[in-house]
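Here is a briefing on one protein model.

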Amino acid sequence: MRRGFAIMFVLSAALAGCGGGEDVANCAALRRSAPDKALEHCTRALASHLVWSKEKARARLDRGVLHSDREDWDAAIADLTRAIDADRLSPRHLALAYFNRGSVRLQKGALDAGIEDLNEAIALDPLYADAYSNLALARRMQGQLEQALADANAALKITPRHARALLQRGATYLVQGDGAKALADLNEAIRLEPGLQAAWNIRGLLRRASRDWDRALADFDQAVKLGPRNAAALRNRASVHVLKRDFDRALADLNATLKLEPRSAEALLRRAEIHGERGDLERMRAEQLPPP
C-alpha cells in the first residue's frame, strides 16, 4: 500500500508540472513580476486536460486581466466573457471578472455596457470601491456629473484614501468649474499615489485653464514621464509650449502624438497653426488628415 501511494504521489506531482496546478497558480502569481511568463502559464492551464472547469474559469479570468494589462482589449473581453459565462467562478472572482470587463469596455468607449458590468460587480460586492470609482469615470464621460460625484463619494466612504476615486471626483469638480475643490482632490490623489499618471495630466489641465503655465508644464512633463505613449498628455504639453511660444518643443510633442495617433485632428490642427505662426503658409496648407 505504501509503495502504491508513493507511485500515485509521484505521478500526481509530475502531472501538476505539466499544465496542471502549477500553471494555474503561476497564472495569477506572476502577473506583476513576469507577465509574459504568467500568460504562458495561463494558456497552458487552459489547454490542459488536468485542470478542472472551476480552475479553468479562474485561469481564463487571470488571462483576461493579463490581456487588459497589455491593453489588448478585445482579447481581454473574450476571456473575461468566457470566464463569466462558465458559471464556475466564486462570487468574489465573479465580481472581479465583471469589474475588469466593465473597465475594459469603458476603455473601448462602450459606456453603457461598461456601466452594466460595474453595477454587476457592485451587486456581488457592495464594498467594491474600485468599481464605484470607475463608475464615476463612466458617469462623467456621459455628462452625468452629479451621479459621478455620488459614485466617487461612495468609493471614498468605503476607502477614504482611495487615490483613483479622488482623481475622479477632482476631475468632475473641474468639469463643473469648481477649481478649488478639484485642485484639493488632485493634490491629495497625487500625494497618495505619485505614479497616478492621469492625476498629473488633469491637474495640468486645471493649471493651464488658470494660466499657470509653468506649473501646468511641470505637471504635463510628469504625466509624459509616467506614460510616454499617452497621446493626450503629449498633446496637452504641446498646447502649453504653444502658449509659451516654444514652437520647437511643441512640434516635437505633436510629431510624437501623431506617431501614436496618425489621425489626431487636434494634433494636425495645432501643427498647422504653428506653421502659420511661423509664416510657413505652404506647410500650413499641407497639413491634412492622412487617407483612411
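Predicted model: local features only at pLDDT ≥ 70, side-chain atom pairs only at ≥ 80, totals over all residues.

Residues are numbered from 1 along each chain as its sequence is written, and side-chain values use heavy atoms, with hydrogens and water left out.

**Helix α2 against helix α4**

- Helix α2 spans residues 21–29, and helix α4 spans residues 53–69. Helices are DSSP runs (H or I, at least four residues), numbered from the N terminus.
- The two axes come within 9 Å and cross at roughly 30°. Axes are lines fitted to C-alpha atoms over the stretch in contact, and angles run from 0 to 180 degrees between N-to-C directions.
- α2 and α4 are therefore roughly parallel. That class takes angles under 35 degrees; over 145 is roughly antiparallel, 65 to 115 roughly perpendicular, and the rest oblique.
- On the α2 side, V24, C27 and A28 make the contact (heavy atoms within 4.5 Å). They meet E55, R58, A59, D62, R63 and L66 of α4.
- By class, this contact has 5 nonpolar, no polar and 4 charged residues. Ala, Val, Leu, Ile, Met, Phe, Trp, Tyr, Cys and Pro count as nonpolar, Asp, Glu, Lys and Arg as charged, and the others, Gly among them, as polar.

**L66 in α4**

- L66 is found in helix α4. Its relative accessible area is 1%, so L66 is buried. Buried means under 20%, exposed over 50%, and partly exposed in between (1.4 Å probe, protein chains only).
- Leaving aside neighbours within four places in sequence, L66 is in contact with C27, R31, P35, A38, L39 and C42.
- L66 and C42 lie 24 residues apart in sequence. Their C-alpha atoms are 9.4 Å apart in space.

**Helix α6 against helix α8**

- Helix α6 (residues 91–107) packs on helix α8 (residues 129–141) at an angle of about 25°. The axes are 11 Å apart.
- That angle makes α6 roughly parallel to α8. Their crossing is left-handed.
- From α6, the contact takes F99, S103 and L106. From α8, it takes D130, A131, N134, L137, A138 and M141.
- The contact of α6 with α8 divides into 6 nonpolar, 2 polar and 1 charged residues.

**R235 in α14**

- R235 is found in helix α14 (residues 231–243). R235 counts as buried because its relative accessibility is 14%.
- The side chains of R235 and E266 are joined by a polar contact of 3.4 Å. Such a contact is a pair of N or O atoms within 3.5 Å; within protein, one must be able to donate a hydrogen and the other to accept it, and residues adjacent in sequence count only if both atoms are side-chain atoms.
- Not counting residues up to four places away in sequence, R235 touches T257, E261, S264, E266 and A267.

**Loop residues with positive phi**

- Most residues other than glycine have a negative phi.
- D87 has a positive phi, near 55°. D87 lies in the loop between α5 (73–85) and α6. With a relative accessible area of 68%, D87 is exposed.
- R245 also has a positive phi, near 60°. R245 lies in the loop between α14 and α15 (247–260). At 52% relative accessibility, R245 counts as exposed.

Note on methods. Helix = DSSP H or I, 4+ residues; strand = E, 2+ residues; numbered from the N terminus. Left-handed = near helix turned anticlockwise from the far one by under 90°.
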